[in-house]
Amino acid sequence: MTGWREREGSGGIWDPDAVLVEGTRVILAAEALNDDGSTKHAAQVEVVLGVTEVWGRPCSDDTETCGAPGGTPCCTG
């Protein structure tokens, strides 16, 4: 097999209004699997979340300026 088989455990979808608050303790867990699906390596670490940062290109709700050449894209499709 080539490439990555990735799976996110919670099945969640990013919802910026439902982020965990700063100071929340979470456990990050990862496994590397053999081709037969058995665990080759596994690790987990407990971390404390800092400030939430939204990644990606920002958008604008200003319909007069958003989407202009070289400008910020519009937030609404």
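**Exercises on the disulfides of a predicted model**

The torsion about the S-S bond of C59 and C75 is about 95 degrees, so this disulfide (a pair of cysteine sulfur atoms within 2.5 Å) is right-handed. The pair links distant parts of the chain, since C59 and C75, 16 residues apart, both lie in the segment after β2 (39-48), where a strand is a DSSP run (E, at least two residues) numbered from the N terminus. This is a predicted model, in which local features need pLDDT of at least 70, side-chain atom pairs count only at pLDDT 80 or more, and totals for chains, interfaces and linings use all residues. Residues are numbered from 1 along each chain as its sequence is written, and side-chain values use heavy atoms, with hydrogens and water left out.

**Exercise 1.** Find how many disulfides the structure holds, and state which pattern they follow.

*Solution.* Step one: the structure holds 2 disulfides. Step two: C59 pairs with C75, with their sulfur atoms 2.0 Å apart, and C66 is joined to C74, with an S to S distance of 2.0 Å. Step three: when bonded cysteines are counted along the chain, the pattern is 1-4, 2-3.

Terms used. Helix = DSSP H or I, 4+ residues; strand = E, 2+ residues; numbered from the N terminus.
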